[in-house]
Every structure is written in structure tokens, then in C-alpha cells.
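Have a look at the model below before reading on. The notes after it walk through a few of its features.

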Protein chains: 2
Amino acid sequence: MSTTTRLSSLGELTIDVYDTTLRDGAQQEGMNLSVADKLAIASLLDELGVGYIEGGWPGAIPKDTEFFARAAKELDLRHARLAAFGSTCKAGTTPHDDPQVRALVDSEAPVVTIVAKSDIRHVERALRTSAEENLRMITDTVRYLREQGREVILDAEHFFDGYRFDRGYALSAVTAALEAGAEVAVLCDTNGGMLPGWVHEIVADVRTQVDGRLGIHAHNDTGCAVANSLAAVEAGARHVQGTVNGYGERTGNADLVTVVANLELKHGVRTLAGDGLRESSRLSHAISEITNISPYGRQPYVGASAFAHKAGLHASAIRVDPDLYQHIDPVAVGNDMRMLVSEMAGRASIELKGRELGIDLSGRPDVLGRVTERVKAAEAQGYTFDAADASFELVLREELDGTRPRYFTVESWRAMVQTLSQDISLTQAEATVKLHTGRGRVVCTGEGNGPVNALDHALRQALVDVYPELEDFELIDFKVRILDTQSGTDATTRVLIETSDGVHSWSTVGVGPDIIEASWEALVDSVVYGLLRRDVSPR
Amino acid sequence: MSTTTRLSSLGELTIDVYDTTLRDGAQQEGMNLSVADKLAIASLLDELGVGYIEGGWPGAIPKDTEFFARAAKELDLRHARLAAFGSTCKAGTTPHDDPQVRALVDSEAPVVTIVAKSDIRHVERALRTSAEENLRMITDTVRYLREQGREVILDAEHFFDGYRFDRGYALSAVTAALEAGAEVAVLCDTNGGMLPGWVHEIVADVRTQVDGRLGIHAHNDTGCAVANSLAAVEAGARHVQGTVNGYGERTGNADLVTVVANLELKHGVRTLAGDGLRESSRLSHAISEITNISPYGRQPYVGASAFAHKAGLHASAIRVDPDLYQHIDPVAVGNDMRMLVSEMAGRASIELKGRELGIDLSGRPDVLGRVTERVKAAEAQGYTFDAADASFELVLREELDGTRPRYFTVESWRAMVQTLSQDISLTQAEATVKLHTGRGRVVCTGEGNGPVNALDHALRQALVDVYPELEDFELIDFKVRILDTQSGTDATTRVLIETSDGVHSWSTVGVGPDIIEASWEALVDSVVYGLLRRDVSPR
């Protein structure tokens, strides 16, 4: 009846993937990697299966010199080749006499990537040398490094701006490098201002003008880094640079995992060695643990929300036919489909959510009905279970078992903050909780740098003798939202808390007329859930 | 010497910008907007200058029904037309008899956007009706709404997947809508799986097959939402949908500000009414304060890092010749170049903001310098003045006059919350403040439904005898953001408070290790500012 339309495809190709997380990615605001961090990230990048790992600029940055020294001894790379990044020799010098170039050789990296000016304005105004001397520096440096037995890659800095301003000069810089023996000339959109149509036009033109392999290095200043990388490949580039999680200066570099996933899963192009793409969600998150930059939930393919569905309307259809609502199978990138329990939720999405938590509700319409009612009523009060799986699971288990485990009961609690003047250093917060466990009554006071922190400390201290499992628990995230803001401080407050036991983390929610009460509810849920998931019995 | 290369340009065009932050954007994980939030965002969107604001789905979502009712009375839109989103009539019904369609008419929105299936598989498997009946539903619903005097927009859901599977059917759905009188047929990449080259191919083909205006609705699942929107425009679409900050389900929708900035600044295409693009950084941040979703620093154009340069080697070159290192002048989007190591920011925008507040700093470089330093230091601590003009004005006046008016001094304050059991109705909050005015010492205790509310009451009661002006003041909004979420409740808290005197409203900010302290600072600022703007002298 119907005919599938075939769209243009890149077909049988192999693209080199060049990662610069450790060099250009490290330019990101707030990122500060130690040598140990860099070694750990390099191992993960190798697991991903990239072809090249650019480690840094030995000679210019002492930490990077050390990285290459230790990498040679400590790293056992299966797939990737290590690349040292540096500059051409200086104007008026030979590569042999330029200490910066010698440091690249001394790094013992098998690949050396040389950045060179290809925009005549940068040659004249930033480098303050002549057009001819810049070409001489490129030729001599590439030739010298080839003589030292290195694979040489040329990064043509500001290439696209240079091309627009003076096409002939930009092309001559690329030609000089390729003729001197560079393996590939990488066209860099250093300012990130390009759009995909323009990248395509320019790369296609360069292809007809020079003889050799071309690469692309894109930044995300127009929100098009991924698309610009694809446009370059479509126009003939065979080498793609980028960073994991799109780290980088300003708006970041092209997100390498997204580029690779698009090339592999959409175009069927071979990019990575091994089966790394299927591990890419885990690897991306592991790298963000090392960089200590919070993962971006909306990140394509690997983000926590990338396959999360909220619309209640579609839940029943998704259950039957997930392929109708997902552009790829999330397993291909090691991610998971998730159903969000939201105000638009119906029974179908709650059943699906239960299945995700390993609880089959399909034969229990009574439980499903009660849970749906409770979730709806709770959401009307301001609760949200989108981001509080643990609280949702407590509701679900309570309706399933008829009760929740009574690890402790609360007699009372109080929290207090006081300041003796406007001087913040004199502010004190203190909280007291009175609880009962099977082993008797406990009264405990905690201090903290705020009332919630003090309550958290008091609650843990009160329970840790009876439940030593609590020693592993740590509160790792805390979010507050004021609902119905028309009434100022009379409004309802919602608190979301994330707790970790070092291996897993879970989120709980609390709602109340004030932040302290809402936090208390979320804190109690987080302790109960943490004990429950370890199968601890009430003591 | 050199010849500038001209790249392809879209030339003289006008593109309709359709914002769906309040409908599709609200599908984002963790987002939960109140009616008041939606009204506030709609005003900001109108300031940005978009052509359409899609407000929600009246009839299906009670909050959205209320939004349209209140919008008709409370919103005074200068540029945008309000659009109600809904579905075609159900299979086997007429639009007139379908309560969902009637609710769209009852919303009184001048524009109605109808989502319809254009993928035959969705018609058969999700809608469970026939190909012909689906086309009948589209035709009848569009025609009915046109008869009711509405502008009708068709969102062709899953259009691209539908086209690939069965081109003829997808085209017939679009044709049915346009022939029945729809103003524009929007081709939706609902699953977000498209790449720009494919979007271009398909939109170009549709252009040749149907007669009427086409639009694009893109999601970011391949990291190409912006590029896909541009590709559609290049192929002939004249209507672009998206959301501010790229909010939306999964990986989000096309980021409208990025799309618009690319079209306006790169292609010279007219998209927004007025001069909204130059305000887009402020508007984007203001909207993220309302959604309470942390702004993404690497966001193109408007992100905090978008024009941040790690100084190093190029610092002086950047200062002399910023155009060599920036793809656009950040002023065009109301952003600023920032140097991350060397100091070089702010003065121009602070001067501008001063002018906005009626304070001319152009002849006072000393004050400008001191304010810039204070703002920078405060922002490093977590303060934000984007959304706290009153606190900023207090800083500015303090530096201008050398002091701030001493309406009162604080001896001490304390706040306390306690619960006698888990029963929320037994929770009590109480606060005591000890202040000095020119008329002596005051000790006052306030109660409230939370510690901040209690402090607010205590502070007003303590001062109202001396400053009866306070009787008019009311706290109307209260927002909390936890900064540096890595450390849980040990993190820094930022509070934004909005106060009204019935005529004007003003916003103040406080930052501290806990919410109570941060709130206290913002409360004190709000009282001081309120008295100052009424020209009250200290008593």
C-alpha cells in the first residue's frame, strides 16, 4: 500500500573520530582537570572507541607535559592514538630551534596536531608576521615533525572566517600543510559562527581545490556544532573533532557522542572502534563525574531525559508500540526509555512506570486504581513524581502491601535559626528530633549551616545506632520550588532531595506550607526508601 | 588585495515566530508552571516580540482553561497573538459536538492550533481509525474553526516519519488542512530524529506538492533542532516553532532565541517585532527564574559563558580587536563579552542599567568603577541582579551617595519551626526580631506558616508604628534557588523576593548559607527600597 521514501545517505564510509576533550574541552569555564583526571578520562575515551585522543599542549602547560610522560607509561590504549597539540614554529625560527616544537617531539606522542593561522587578518594582527612567513612556518613545521616519524594533523584556525575574507590565502595555508606531509587538514570554525549551509558550501569548494584529507572542528556558538560537523562530512570531510558532552570554551565544542550517534545510527557510517556507542551513556556520565560538571539532562542520546516521556495521552500507545514514539532504540546508546509520572498521568503511564521499577501491576487493577488516585491527589497538592522516583515507589509499595515499613515514628521535631546581628558568621541553626524505634525513644539535637542541614544531621544521628546502614547515606542534591507564587511566603513549598549511598542515588519529594516541613518529609522518605531498598527490617 | 566571498543568503524574508514554551515547553521533565507563572512568561514572550504565543490546551488541562480566561482579562499583548492548542474532533463526531473542540472556541483565543495525524501508522495504531476518516476530521475541524472566525494553524504530527513511510498520505493530510482554510501547515518532527539534510529534502519536496504556507516544529533528539529549523526555512518554510531556552520533552524543542538570532544576525531575515533580540539574554534569564530551571551556561547567544573567553595568550588581541574572536557583537543579543581571567566586563551594561533606572553615570567613572567591582564580587558569591533591580539600585545609590538610609538597625533575629507530630496542622513557626529606629528599641514576635513568613510578619510589625507606609507593602513572590548543588544542604541559597505597594512592585535578592538568612537579607532590602522610593526619611 505504501512506499517508503529513501533519503540521501552517506553510504559506505569510515570517518576518523578525534577527541579533544582533554585539550579544547578543558577550556570550558569552571573545568580544572588534574593529571590523574586526564588519565582517567583518556581510558574512558579509549573505551568509547575514538581514533585519536588529544591530550594537551606539552611544553606550554606543565600539567600537560606530565600527562604525556605518565600516559606513555600508564595508559594501555586499545583503540586510540595519543595526539599532542601545539603550534607551528615561531616567525623567524626553525622548528628544530623552537623549544615549543621540541617539546611536542619530546612528548613521544605518535601524533602531533599543529595549529596554524589560515586567516590573513590573524596572521597580520595577532601573529604580526607576513603572509609568506606564515606559510613557511607551516611547511617547515609539518616537514620537521614528519621527519621525526610523527603523524601530523593541521588545525587550520579561524579557517571559515579566513576563507570568507580571503579565500585564496586560506586555501594556501591548507595546501602548504598537505603538501608538506600532513595526514589531514582540519578546517576549524574557531569562533563558532558558521551555519550548516555555509559549512557545506565551503568544504565542498575546498575539496575541489586541494588534494588531501579534510577534517572539521566546530564550536556551538550558533547551536549548530553537530549539524556543522555533519554538513562537513556530507561535503567530503573524513575526520571529525569534538569533545565528550560538548565541553569547551564559550558554548562548547561539537558533542562527539551526538555526532557519532548521528553518523552511525542515522547514516550507517563507521566511526568508532568496537562497540563503544552502546556504552556511551555510561561513559558520558562517568566523564562528567570526573569533570564534576553536572550532566545536562536534555543532552541528545545520552541525557537522563533523552528518552523520558511525559505526555499521559501517549502512554497507552507507547506501551504497545514504542518505536512509534522514539527516533532510535535507546539501547543503541546505552540509555533507557523512562515514563514520567506527571499531572497528565493516567493508569497506563503508572503501570509502565511500575514495570520500570520491577513491579508488575498488570494483574492488579485495584492497586493501579488506588495509586493513580493518590498520585493525582498528591499532584493537585503540589507534589511532583517526575523527579522523585523513590517517593513514587514508596506510594506504590504502600498500596501494594497495604502499609509502609515502620522503621521509626516521629514524636516531634523543631528547627531554629538565629542571628545576633547582621553578621552572617554569627548565625546558628539547630534542630531537635524526638523519635521512637523498636529499641526505644531517642532525642537528638543536630547543628548545621541552616535549618534543613541541622534537621538532616539530627535525624541521622538519632537513627544511626539502630540503623548503621545510614552511615553510607549522603544528601547530594537539594532543590526548592515555591508553588503558587501569587501569595508570597504564604505559598506552598516543594522540596526535592537526592540521596546517595555511594552506589545508587534516589530522589524524594516533600510538600508543605514551608520549606522546613517540606524538607522534613523528603528527608524522612529518603531514609525510609534507602533502608527499604537494602531490605532492612524495622528494628 | 583580498576579495570577500559571499555565501548563500536567505535575503528579504519575513518569518513568523511561534512560541510554544507554555505548551510543548511545559512538557519538560521537572517543569510545573502555575497559571501566574504562565501569565508572567507570556508577558516576557510578548516583550521578546514573537508573533504567536501558544498558551496551552484549554479543555484538556484545567490550568490551561484558567490561563486563557485570565489572559483575556489580564494580558495586554503588544505584539503576539494568543494561540490555543488542541486536537481535531474525534473519529465519528463533528467538531460542533466535540467538547474538546468547543473548549478551544470557548477559550476565545484568536488563533487555534490543531494537532493532526499525518503518519498513517499513527492513524491506524494510535487513533484506531481509517485513513479517510482522519482526513475528514482534519477538514471538518479546520473549516469549523474558520467559521468561528479563528486563524487556524495545523500541526502535522510525526510528519517526517509519516512522509518517509507513506509520502502520499502525509501530503494528503497537509493538503486537507490547507484546502479547508488553515493559515499554515506546520511539519512536525515529533520524535526529533531528523537531520538537516533530510529536512531540507522533504520540505523542498512538500513545497512543490502543496499550495500554502509551511512551518517547522523541531525537537533536539539529534542535537540538530536549530539546524533543522534553519534547513526548513532554507527549503521554503515561513513559520518556525520553538521554545525559549529550548525547553521541552526529552531533549527539548528548538531553542527559539538561537533560531531567531541565526536568522536575524546571520541571514538578515526579519523575525521579531520590535527590538526584542537585543533584550533576549535578559528575557531568557527572567523566564528561567520563573520556570526555576537553572540556566544552561553554554546556551548559544544568551548563555552566561556564550561570550566568555579564557584570557591567556589572546587577551590583549581580543581587547584590541574583539571582532576577530567573536562571531557577533554580544550587544545584539543583550549579552556581554567576559574575560574569565583578566578583568574586563560589566561597566557598559552597568552604565546602561543605571540609565534605565534614571541614574546617569556617564560623568562618574569613579562610581561606575566601584559599582562594577561590587557587582562582580557579589555575583561571584551567588547574587544575581538580573531579576533584582531594587537590590541593584540600592548598591548603586549607596555608591553614589556614600551611604544607604538608616531606617533601622538590627540587633538580632531568630526564627523557629516545630511540629509536635507528623501532623502538619500542628506545625508552628515563630520569629522574633529586635530592631532600633530613631524612636527607640523594638522587640516583636511574628507567627506564620513558615519561618520566612513569620520573619516577614515580625519585621513589618516591628516597624509599622514608625513607618506606617509599610502597611501598603505586600510580599507577592518568593523564589528560592540552591546554587552549587554538589554539596546538598551545605550549598549556598539564593532568594528572590518581589514586593508590591499596590501600585509598583520591586525585586530584591539575598544570598546565604541557608534560606532563612538569605530571605532575611532580601526582606530587609525590600523594606529599605520601598521606603526609599517613597522618599521617606529615617525616623
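## About the model

This is a predicted model, in which local features need pLDDT of at least 70, side-chain atom pairs count only at pLDDT 80 or more, and totals for chains, interfaces and linings use all residues. Residues are numbered from 1 along each chain as its sequence is written, while chains are lettered from A and ligands numbered from 1 in the order in which they are written.

## The annotated domain

An unreviewed UniProt entry places the annotation "domain: Pyruvate carboxyltransferase" on residues 15-278 of chain A; such annotations may be inferred rather than shown by experiment. Over this stretch the chain is 44% helix and 17% strand, counted as DSSP runs (helices H or I, at least four residues; strands E, at least two).

In chain A, helix 1 (residues 35-48) packs on helix 2 (residues 62-74) at an angle of about 50°, with axes 9 Å apart.

## Where the chains touch

Turning to the chain pair, 111 residues of chain A are in contact with 109 residues of chain B. Strand 11 (residues 409-419) of chain A gives the largest share of chain A's side, 10 residues.

Strand 11 of chain A runs antiparallel to strand 11 (residues 409-419) of chain B, joined by seven bridges (pairing takes at least two DSSP bridges). There, M416(A) has M416(B) as its bridge partner.

Methods. Axes fitted to C-alpha atoms, helices over the stretch in contact; angles between N-to-C directions. Contact = placed C-beta atoms within 7 Å.
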